[in-house]
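Biologist: Before we go through the features one by one, could you show me the sequence and the structure side by side?

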Amino acid sequence: MRIHIIFLALLASMHLFSQKASKVYTFDVPVFAYHRFGDDRYPSTNISKSDFEKQLKYLKQNAFDVITLGEAIRKWNNGEVFKVKSVILTVDDGYLSFYTVAMPLLKKYGYKATIFIQTGTVGGGDFMNWDQILEIERSGIEIGNHSDGHNYFVNLKDGALVETFVLDLEKSARIFKGHLGSIPSLYAYPYGEYTKDMTDAVKGAGYSAAVVQKSGVLCEMTNPYEIPRFPMGGPFATLEGFKNKSGMKALRIVKTDPDSPFPKSNPPALKVEIEPDSINLKQLQFFVAGTAVDIGPVYYMEDMRFVVLQSPERLKSRRTLYTITVPSLDGKAWHWYSYLWIRPEIKE
Ligand SMILES: [Zn+2]
């Protein structure tokens, strides 16, 4: 009898524990990726000055909390609560147009941003020099590492990839240390291309987080070394697109199969295990490289948690995103997830 009671008590406490464990604090923070500002020589990576200002004005008028990526990582690690409407603005490459066009607007609206600098091009033609980078850092812009050589690292295999990537990480760190006096704690993979070996190397080198270029929303289930970002260049750089994405929520993914970016067959199939809470899986939409695709055969198993996605056509580009969006149960919000395929044999 006593054993019985102890057993029941144990069961009860386990139940309580599991309820407590499942009550994880959740958050959704859209992250945006910019490159060039007011520089229409490169339309696909540019946002016009007026469109960028419209976006900042929208954030101000709607009382968004604009935080840096580093602040978000600290909040996340400390279990601090994010404001419901929080967004992160990031910029890649360190072009001069950030200094001349974006910086005055960020100052005007009182917002910060995180900029990822590739050390190998600092001071060259179209890029900021170290004095300008020091100046923006002093005025509150957060500096991240975007490699030294901006290479297509994934064109290399296994050992050669790791060796080359780690050497580049060490070189860029030395250069940052020499010019800024410190090594950044955030990293952005060149071209958004990464492998598990690369995320391990970034983590091993002491970085607290890294960003990629597949679209999506930072949430409590995101791998901190694979933080997704919505591109804000070319056709994406509109006010409407920005409004839509700044209200977007993360589609919470438990796991995918495969979990490597390199397709073993073409078109590749992707099995996605989705956290089913408060979303309407029956209205799942599937996009290949931004184009809506008939979902075709979708397999719902174990309480509708799995979907298997496959492009109807062969993937032709170097990088292709499979994206799924699902509305919330109340229909008021959309949840987003993208998976990146890379075909290193294709040149850009
Ligand atoms: Zn870049």
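Biologist: What should I keep in mind about the numbering and the kind of model?

Modeller: Residues are numbered from 1 along each chain as its sequence is written. The model is predicted, and local features need pLDDT of at least 70, side-chain atom pairs count only at pLDDT 80 or more, while totals for chains, interfaces and linings use all residues.

Biologist: Which domains does the assignment give?

Modeller: Domain bounds come from an automatic or database domain assignment, and for this chain that assignment gives domain 1 (28-248) and domain 2 (253-342). Their centres, taken over C-alpha atoms, are separated by 25 Å.

Biologist: How many residues of domain 1 are in contact with domain 2?

Modeller: Two residues are in contact if their C-beta atoms, placed from the backbone, lie within 7 Å; by that rule eleven residues of domain 1 are in contact with ten residues of domain 2. For classes, Ala, Val, Leu, Ile, Met, Phe, Trp, Tyr, Cys and Pro count as nonpolar, Asp, Glu, Lys and Arg as charged, and the others, Gly among them, as polar. On the side of domain 1 that touches domain 2 there are five nonpolar, four polar and two charged residues.

Biologist: Which residues touch the most other members of the largest nonpolar core?

Modeller: A residue is buried if 20 or more other C-beta atoms lie within 10 Å of its own, exposed if 12 or fewer, and partly exposed in between, with C-beta atoms placed from the backbone. A nonpolar core is then a set of buried Ala, Val, Leu, Ile, Met, Phe, Trp, Tyr and Cys residues joined through C-beta atoms within 7 Å. The largest one here has 80 residues, of which Phe98 and Ala210 touch the most other members. Helices (H or I, at least four residues) and strands (E, at least two) are DSSP runs, numbered from the N terminus, and helix H4 (residues 96-109) gives the most to this core, with six residues. Domain 1 (28-248) and domain 2 (253-342) both give residues to the core, so it lies between them. Leaving out residues up to four places away in sequence, alanine 210 touches Leu186, Tyr187, Ala188, Tyr189, Thr199, Val202, Tyr225 and Ile227.

Biologist: Where do the axes of H6 and H7 come within 10 Å, and which residues make the contact?

Modeller: Axes are lines fitted to C-alpha atoms, for helices over the stretch in contact, and angles run from 0 to 180 degrees between N-to-C directions. The axes of H6 (residues 158-180) and H7 (residues 196-204) come within 10 Å and cross at roughly 35 degrees. The contact is made by Leu161, Val162, Phe165, Val166 and Leu169 of H6 with Asp197, Met198 and Ala201 of H7, and these residues divide into seven nonpolar, no polar and one charged.

Biologist: What does the contact of H2 with H8 consist of?

Modeller: The axes of H2 (residues 49-61) and H8 (residues 239-246) come within 9 Å and cross at roughly 35 degrees. Asp51, Lys54, Gln55 and Tyr58 in H2 meet Leu239, Phe242 and Lys243 in H8, which divide into three nonpolar, one polar and three charged.

Biologist: Which peptide bonds are cis, and which residues have a positive phi?

Modeller: Most residues other than glycine have a negative phi, and most peptide bonds are trans. Here the bond from aspartate 257 to proline 258 is cis, with omega near 5 degrees, and a cis bond also joins asparagine 266 and proline 267, with omega about 0 degrees. Proline 258 is in the loop between strand S13 (253-257) and strand S14 (269-274), and proline 267 is in the loop between S13 and S14 too. Aspartate 93 has a positive phi near 90 degrees and is in strand S5 (residues 86-93), while alanine 289 has a positive phi near 50 degrees and is in the loop between strand S15 (285-288) and strand S16 (291-293).

Biologist: Is aspartate 93 buried or exposed?

Modeller: Aspartate 93 counts as buried because it has 21 C-beta neighbours inside 10 Å, whereas alanine 289, with 16 such neighbours, counts as partly exposed.

Biologist: Which residues does histidine 335 touch?

Modeller: Histidine 335, in strand S19 (residues 334-342), counts as buried with 24 C-beta neighbours inside 10 Å. Not counting residues up to four places away in sequence, histidine 335 touches Lys249, Ala250, Leu251, Ile279, Thr325, Val326 and Ser328.
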